[in-house]
Structure formats: C-alpha cells, structure tokens
Amino acid sequence: MSLALVLEQLLNGVQFGLMLFLMSAGLTLVFGVMGLINLAHGSLYMIGAFLCAAIAAATGNFFIGLMAGIAAAAAAGALIEILVIRRLYARDHLDQVLATFALILILSEGVRMIFGPFPLYLTVPSVLRGTVNLGIVDYSLYRLALIGFGIAVALGLWALIAKTRLGIRIRAGESDREMIAALGVNIRVLYTVVFALGAALAGLAGALVGAIQSVQVGMGEPVLILAFVVIVIGGIGSIKGAMVGALLVGVIDTMGRFLLPRLFATIFDASAAAGTGAALASMLIYLLMALVLIFRPKGLFPAHG
Amino acid sequence: MNALRMTALAALAVGSVGMAKADQVTVGMITTLSGGGAGLGVDVRDGFQLALDMAGEHDIRLVVEDDAQRPELAVQIAERMIQSERADILTGIIWSNLAMAVVPSAVAQDIFYLSPNAGPSALAGANCHPNYFNVAWQNDMLHEAAGQHANELGYENTFIMAPNYPAGTDALTGFKRYYEGELAGELFTQVGQTDYAAEIAEIRASGADSIFIFLPGGMGISFMRQFEQSGVDLPIISAGFSFDQDVLPAIGEAALGVINTSQWSPDLDNELNGEFVAAFQDAYDRLPSLYASQGFDTANLILSAMEQADVSDMDAFREALRAADFTSVRGSFEFAPNQHPIQTVYVREVVEVDGVLTNRIIGTAFEEHRDVHGENCNM
C-alpha cells in the first residue's frame, strides 16, 4: 500500500463527496426553506443526465449538453413545483413522500417512453480526457475537473446565500416563513425559484456524473439515498452541513471500500476477506449516520440552532 | 324464444369445441420492462414475439407483465397469471433473485417454467424440478468459459471483480474453476454501484496483467467509462452480459477489443441465426442481443413441444420439451438431465461494423459444455 495509492483514494473520496454535495445541497435547501421532503430529487438528476446526453449527441458538444441538462432540470423543477409541490407545503411529510414518490414513477416512465429502455451514450469531452500527473500519481483529468466544478459551485452557492438579496430571503424563509410573507416577500415565487435552483444543482450533478456513469432510467435513486444520508449527517436544512456531510460520506465510503478488504485479508483468505470487506464497507456510512444521530440528533450543523 | 336459446346454446357448444381443438396455450411472461434493467426484458420479449410472428403462430396466447425488477412484484404477477390467466407456461424472468422467488412455487403448482435468462445454481442442482427448464445457461457457464480462455491468452495475474450478490459470487467461482493463473486481486463491489474510482485505483496498484469483470447492465457502462479515463491500460475479459447489444452503444469505443464469452453471437454461422438477426433488425430497427436470442429460442422450444403434445397432458408435453426438437439460433441445442443446456460457448471480440459496435466470434472456449451443479440433481 503505497502513498500514491492512498492519495489517489483520498482524491476519489473528495471527488465523490463533492458530487454528493451538488445533490444534497438542493435537497437540503428545499427542506430547509419549504419544509418539504422531495423524493423526486433523483429524477431531476436523471433528467439532467438524459438531456445532456441527448443534446451532446445531437450537437457533438458536451458543454452545450451540460447547459441543456441544467436548464431542463431547472425547468422541470419549476414546473413540478407549480403543478404538484405547491399543494403539499401545508400537508404533513407522509403526504409529501407519497406524492413525490409518485413523481419518481411518472418521471422514470416518462423518460423511458421518450428515450427508450436502453442506456444512452455520453462521454467525457475531449479537452478533459486522459490523465494528469500530480507528482506521485496519475489522476483522471475529468475527475480533477469534477473536484474543481464542485468547489466552484459550492463557493457560488455560498456567495448566493450570504451576499445576495435572494440569499437573504432564502435565509429568512428558513428561519421564519410566516414573517417573511408578512413582510411582503412573494413567497410563492421564492419557493419556485428555490426549488428550481435545487433542481438545477441536481441536473448539473447528473450531467457531470453522467459522462462517467451509465445514463439510464432509475440512475437517480441510489444517489438520492446517499444524499439523504448526507443531509441527515450534516443537519437537515444546512448547506454547510451538506458540504461537511458529503465530504465525510464520500471519503469514508471510498476509504472503507479501499481499506476494509485489506484489513480483513490479514485475518481471512482472499475471497472471504473481499466478501466481508465489501459487505462491511457498504454499511460504513450508515453506521456513521447512526452514530451522528445518537450523539447529535439534529446533525452536525443544525439549521435552526 | 326457446328456439333462440337452443341456437345460442348450440353456438356456444360449437364455439367451445372449436377452442378445445385449437388447444390454445397460454404463456405468461414476467419480465423487466421498466427501470434500469428494462433493456434486457424488452429484448427477451421482442425476441420471443418475433419467433411467434415468424412461425405465424396463433395458438399461443402471450400475456406479458412488468416485474420492475422487484421479487415481491414478480411473485404477485406469477400468482395472478396462474390463477386468473390460467397460464400453462411461465417464462421471462431476467434476474436470478426474482427467479428464486417465483420458480420453485410455480413449478410445484404443475406449471412449466422455461427460463430465458436467469440460471441460479440452486435450481440447476439440488432444487432442480421436472417442470423447470433453462433455455439460456446456468449462471456459472459463461464465466467458466472466460476463465478457460484467460489461460489460453496466457494471463497469469488477473484481477477479478463482481457485485456482491449470488450471481456475482457464481461469476467469480465460475471463473476461478477454470482459470489457472494467479489472482492479482479479488474484489466485490456493491450491486448498482456507480462509482468505481476506488476499484480502479486498486487495479492500478495491483500489478495485474489483465482484468476479469462481471458487471451487468449499467454497472458495466459506468466501470468502462471510468476505466477509459483512468489511464490504466490492461486487457479486459468478461462474460457477454457486460458487452452485448443492450449496453455496447452506451459504452462506446471503450468497449472495442474487449474479449467476452457467450453461447450466441450475431455472426454465428447458421441459417436460422442469419434469418433471426435480419428479421429482428427489420422488426425493431436495432441489432438483437444475446437476451433476444434466448427469448427467440424459448418461444421456438415451446412451439416445437406444441407440435408433439398437448399442454394439458403434462407428461407428454414435458417429454416433448425435454427432446428439444427445435432449431436453435445457437446451432445445436440439447438438454442435460437437469434440464439445463449442453452447449458450445464461444469467445467473442467487440468490433465496429459500419459504425455500430457489435461482437464477432474469434474462437471457442468449450464444446458441448454442461454445468457442474447437475451432479446434485436427482431427477
């Protein structure tokens, strides 16, 4: 086990974490501001990836596809908010879960009807292909770019929330919904904008990750589960919590998959070690979540402190 | 009034006699038509339907339902097909875990089950059943062929990897049963895993000379895309599942040159296969996958048995199925005593033909190969 391998795995963990952050930021924003549990967030991720793949195939340019994916996810988000979600704010969480679960089924089948049952082709743009030498390790240029993208979006999101008028309203909406409405802010528009923003982030994540993963129906659900783990660890409603939670989950999951089979290999034979190591590694982030819930029931950075 | 009623009754009686004479067979197809695994089920269904269309067959009533890749749903559909649709034969299941949930109870209720894809080892061995026929392969088979061919390619230090579930364990066991070299590493990934950065880093560090993977569906697409970007340049050997027509267009150039094993290939040289590939392209505007070929063979097996026996006479119909007196797109086809195929497994390479990625046969891994689990089947 060389230093180069450890460094590579750390980078992999950070990259995975930053992509999880893009997913969980939208999820936690929507929950923080509107108190809504949106199970259909993964479908918006899927829409971003499918539109990116389709437009990139049609134009031959990944970045045009990326823009189209973000725009489509944001538009779909706004539409869904106006048509469905708006009716759910006053309802309890069970109704929200039921309605947004229905949205998953509808959107998945809709995408399958339009694009067919077979996965789509989407690949890394030629400028981001290959590897780059980082001193002791050759690392995939695209993954490095994903790290850069993730950090840039995180900074942008921070600036948006901390420095702009929209950000002030979002924060106000998080702390006191009735008061901000009473002060004359058009809360309906604010909700639609926040939901579309969250959707755009999911679409961005889907399109970026789609280039190195399978663009297929149902691709959003596994990520959605991880995103929920992230926001529970980070503290529901907190962007900072989502960032810390995402990095924790990304690094712990990757390092677990890397180190646990090695640890078990010192006790068992190779096959058994691979099996037990993999099984335990897949539980690791849920163990982390359970620990956080025991000691910090509201997550690491509770939004309403 | 009375006369009218008599005539109606007579007409009904004649009608029912007419139906009995046609001895219609109801085939219930439970397969995956929605979600990420839909491509496989769609191909099995389309291949099956194509065989019926080509035979001009009207005595089969085909009822298709989507299991959404969920075992509990598959069980419900199977019950409904047996109880309300009065299905004589069930088929269609893609995934081993769904097959394990449905098959044992269905065959115990005197229903034939013909598997067009899943071949879990349990159903080939101790839990084999006279009403269960596997028309595709036992799960281990293509992986055994990959292990065998790895020897021929001179691989001595292969890194092997599969998802951590029964078919994944079967795959690695099958590969190791024939592979004679050293293992550079052995990894189990999560089912449905989308990111393989950690595994690729392991492969890079392991000093392997080759890689064996079993990553069906989207998992294979994700792995290949990431592998291509990683700068690791090692040959990949695999079973055909990760490199067939359902995923090749999505993987793209990264798949070129990958060696994989299968009991079927679009270029397999026999008359029926040529017709099948052309007719499939004609009907559905895409190349068939091995799944489509398995659906096609399943339908033809049923048709051949219907010619020899009435499905209501289960013993005779079972004998007719066992005889497997039909032309397979694989060329020769024969059942072993555990009612799983004895067949040739080919080695294929992914190539580009007229701008479309597809497979070409480059050799033969096994002739008349049968699974090892049959020894435990007392039938």
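**Exercises on a predicted two-chain model**

In chain B, B:Gly28 has B:Leu90 of β3(B) as its bridge partner. This is a predicted model, in which local features need pLDDT of at least 70, side-chain atom pairs count only at pLDDT 80 or more, and totals for chains, interfaces and linings use all residues. Residues are numbered from 1 along each chain as its sequence is written, chains are lettered from A and ligands numbered from 1 in the order in which they are written, and side-chain values use heavy atoms, with hydrogens and water left out.

**Exercise 1.** Describe the hairpin of β12(B) and β13(B).

Step 1. Strand β12 (residues 341–353) and strand β13 (residues 356–369) of chain B pair in the antiparallel sense over 10 bridges. Opposite B:Gln343 is B:His369 in β13(B).

Step 2. Two residues lie between the strands, and B:Asp354 takes a positive phi near 50 degrees.

**Exercise 2.** How do helices α2 and α4 of chain A pack?

Step 1. The angle between α2 (residues 41–59) and α4 (residues 93–115) of chain A is about 15 degrees, and their axes are 10 Å apart. Axes are lines fitted to C-alpha atoms, for helices over the stretch in contact, and angles run from 0 to 180 degrees between N-to-C directions.

Step 2. The two helices α2(A) and α4(A) are therefore roughly parallel (angles under 35 degrees).

Step 3. The contact (heavy atoms within 4.5 Å) includes A:Met46 and A:Phe50 of α2(A) and A:Leu107 and A:Val111 of α4(A). The residues of this contact divide into nine nonpolar, two polar and no charged. Ala, Val, Leu, Ile, Met, Phe, Trp, Tyr, Cys and Pro count as nonpolar, Asp, Glu, Lys and Arg as charged, and the others, Gly among them, as polar.

Methods. Helices (H or I, at least four residues) and strands (E, at least two) are DSSP runs, numbered from the N terminus. Angles under 35 degrees count as roughly parallel, over 145 as roughly antiparallel, 65 to 115 as roughly perpendicular and the rest as oblique. Two strands pair if DSSP finds at least two bridges between them.
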